[in-house]
Amino acid sequence: MFYAFRPTPVYSWKRIDVYDKEHTVKNGVDGITFDYGDPRLLVIKSASRNHAGQYFCTATIGDKNDTVEGSLTFEVQPTWIGKIIEAVSPSVYSNHSWTCNATGFPTPTYEWYKNGVKLAGSATRKIDGGTLAFSNLAKTDTGMYQCVADNGLDNIYQSAHLDVQAEKPVFDTNTGKTTLFLGAKGVIKCHAKAAPYAKNTWRKDGVNINFSLPRYTLVNNEDLVIDSVSKQDIGN
């Protein structure tokens with residue numbers, strides 16, 4: 001709006017941002033200029049989301065004024081930032097979480113899907129925005145998961161497969177007969193494949209080995225180490 005009469009009006013600008021905070025608009029500040037120094041012509045050469053909001057131009061002569069307003073909306077389609085979720089194979093009864101993070105304006109919101117069906121939270125599955133967290137995983141949690149980010153302009157998604165492992169213990173080595181030397185340190189190996197990870201228990205002649213004794217050490221929850229082997233260690 002231009003005023004052609006005299007005296008010449010004094011022009012001023014202000015902006016109310018998207019958070020309802022008021023800012024005084026000044027020439028040469030925050031990427032805003034008045035074209036050729038004319039306060040009637042506000043120019044934003046490289047607009048960004050920081051410039052979004054409602055703009056007010058007020059023309060004042062003495063105690064009289066008039067105001068016109070216009071809005072600047074800055075929108076950006078969502079894009080992923082940070083790490084993309086990946087396929088995993090955790091053990092049953094364990095915990096697992098994925099986090100997907102997107103940027104955009106307006107700020108994206110998130111939804112999670114399993115095998116194409118929208119997920120809701122449960123006692124063992126918590127959804128907090130872009131984070132999906134499992135506790136006490138079960139085989140039924142196995143499936144293809146998708147995180148979808150949407151801000152009204154577009155939606156994007158990323159997918160990953162969750163394969164919950166549940167295997168009973170199976171020994172991949174047979175200890176059989178182990179020869180140890182008197183007075184030396186002896187190692188008897190025992191490794192079992194299992195999911196979740198198996199806890200080994202050692203017995204001698206049907207009696208649990210007392211690992212509080214300094215002679216016995218359990219290494220990596222698998223191998224039995226006997227310090228200074230003696231004849232009393234002979235047995236099954």
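**View 1. Three aromatic pairs are counted in this predicted model.** Rings of Phe, Tyr and Trp (its six-membered ring) pair if their centres lie within 6.5 Å; planes under 30 degrees apart count as stacked, over 60 as edge-to-face and the rest as tilted. W98 and W112 form a stacked pair, with 6.4 Å from centre to centre and 10° between the planes. W98 belongs to strand β8 and W112 to strand β10 (residues 109-114), 14 residues apart; strands (E, at least two residues) are DSSP runs, numbered from the N terminus. Both W98 and W112 are buried, that is, under 20% relative accessible area (1.4 Å probe, protein chains only). The W98 and Y145 rings have centres 5.5 Å apart and planes at 55°, so this pair is tilted. One aromatic cluster holds W98, W112, F134 and Y145.

**View 2. C100 and C147 form a disulfide.** A disulfide is a pair of cysteine sulfur atoms within 2.5 Å; here the sulfur atoms are 1.7 Å apart. C100 lies in the loop between β8 (96-99) and β9 (101-105), and C147 in strand β14 (residues 143-150). The torsion about the S-S bond is about 45°, so the disulfide is right-handed.

**View 3. The charged end of R215 sits over the ring of Y216.** The distance to the ring centre is 5.2 Å. The rule asks for NZ of Lys or CZ of Arg within 6 Å of the ring centre and within 35 degrees of the ring normal.

Residues are numbered from 1 along each chain as its sequence is written. In this predicted model local features need pLDDT of at least 70, side-chain atom pairs count only at pLDDT 80 or more, and totals for chains, interfaces and linings use all residues, while side-chain values use heavy atoms, leaving out hydrogens and water.

Definitions and conventions
Helix = DSSP H or I, 4+ residues; strand = E, 2+ residues; numbered from the N terminus. Buried < 20%, exposed > 50% of the residue type's maximum accessible area, 1.4 Å probe, protein only.
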